[in-house]
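Please look over the sequence and the model shown here before reading on. The report below is written for a reader who is new to this structure.

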Amino acid sequence: MLRTVITGTGSFIPENIVSNDDFIKNTFYGEDGNIIEAPSHEIIKKFEDITGISERRYVSEELMASDLGYIAAKKAIEDANMDPETLDQIIVAHNYGDVAYHSVQTDAVPALASRIKQKLGIVNPSCIAYDILFGCPGWLQGVIHSDAFFKAGIAKKILVIGAEALSRVIDPYDRDSMIFSDGAGATVLEYVETHSDSGVIASAVQSHCVQEANYINFGESYRPESDPNIRYIKMKGRKVYEYAIKNVPLAMKYCVEKSEVDVRAIKKIFIHQANEKMDEGIIKMFYRLYGIKDIPHHIMPMNIHKYGNSSVATIPTLFDYVKHGWMDDHELKEGDIIMFASVGAGMNINAAIYRM
């Protein structure tokens, strides 16, 4: 049986560690433009209790998102032991393109995929390089696109990358800025004959774009004295939380139903590392849809505590770490059934069932 199989993974996590204590001197403003009067250490403590984030990684001054994506891609290609000239497509998911240090101007022309193809030195003109914008679910959407292209006979090998340097577009006066981080993850996907039924089994995608479209957007700094012409990543945290808790479990269940897999057979759920409490709530609601109260032990790997929310990079970096045995208490074996699930700006949701 021909299936879409992940044959190589790679990731890049920047070395620069930014702890919560590094935000102590920040003055935070609310969406209404007024200073949040609570002491910074109380704001930060509450933030950590909710999100689970104690530190995050920021990219060094000389690097941008396409550089992170290139490093992760090179590792994935090496892991797959393949000739990059045989790639049919390079799909890069991101949100803000390349943003130079001390700038908030996004740069996505040429596409990040084109830049990464250039850095990889791929000459083959039939290797098509392009970007997708789908919010935080972007990397997984690239995987879903690849599966469709394979089944349509358009391609046989695709490199999917999620790369982001959110530290370049955060508002230092917005407490939500502490959520975001930088990183990149990459996967090589191939359409191959498999005798063990490994590969993508099913997927599901949803978009809610009426009231929900602007829950995450680009907006002015919350500090009234700031330049109104400069934009930063903005998020209506409560709206995003309520939306995700309500809709993501339903989309995950729909994906499971399409796969005809028993939910109890799922060994791991790789969910977008957005917010610890939110992710735990999504998993709890997902199993509740099946009348299951006791969530399986170690079902959900998490690295948000040390790496923060790197948007499109969270799932592929997390998967790469678990796949290579770099996370305690988590491992993957041949035949294991796993689920990927994500939610983000748009608002968009996607999920996929995959057999190792």
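Just after helix H8, Gly-325 takes a positive phi of about 75°. The model is a predicted one, in which local features need pLDDT of at least 70 and side-chain atom pairs count only at pLDDT 80 or more, while totals for chains, interfaces and linings use all residues. Residues are numbered from 1 along each chain as its sequence is written, and side-chain values use heavy atoms, with hydrogens and water left out. Helices (H or I, at least four residues) and strands (E, at least two) are DSSP runs, numbered from the N terminus.

Helix H8 covers residues 314-323 and lies across S11 and strand S12 (337-344), running at about 140° to S11; such angles run from 0 to 180 degrees between the N-to-C directions of axes, which are lines fitted to C-alpha atoms, for helices over the stretch in contact. Nine of the ten residues of H8 are buried, so this helix is largely enclosed by the rest of the structure. Here buried means under 20% relative accessible area, exposed over 50%, and partly exposed in between, with a 1.4 Å probe and protein chains only. Among the buried residues of H8 are Ile-315, Leu-318, Phe-319 and Tyr-321. The buried residues of H8 pack against strand S1 (2-12), helix H4 (138-151), strand S7 (182-193), S11, helix H7 (304-307) and S12, where contact means heavy atoms within 4.5 Å.

## The open sheet

Four strands form an open sheet in the order S8-S13-S12-S11, and the pairing is mixed; two strands pair if DSSP finds at least two bridges between them. The edge strands, each pairing on one side only, are S8 (199-207) and S11 (266-271). S8 and strand S13 (residues 348-355) pair in the antiparallel sense over eight bridges, and Gln-206 stands opposite Ile-349 in S13.

Ala-202 has its place in strand S8 and counts as buried at 8% relative accessibility. Leaving aside residues up to four places away in sequence, Ala-202 touches Cys-255, Lys-258, Ser-259, Ala-351, Ala-352 and Ile-353.

## A pair of helices

Helix H5 (residues 237-259) and helix H6 (residues 276-288) pack at an angle of about 40°, with their axes 9 Å apart. H5 and H6 are therefore oblique to each other, given that angles under 35 degrees count as roughly parallel, over 145 as roughly antiparallel, 65 to 115 as roughly perpendicular and the rest as oblique. Residues of H5 including Val-240, Ala-244 and Met-252 belong to a set that meets residues of H6, among them Met-278, Ile-282 and Phe-286.

## Loops with marked backbone values

The peptide bond from Val-109 to Pro-110 is cis, with omega near 0°, and Pro-110 lies in the loop between strand S4 (89-93) and helix H3 (112-120). The peptide bond from Gly-346 to Met-347 is also cis, with omega near -5°, and Met-347 lies in the loop between S12 and S13.
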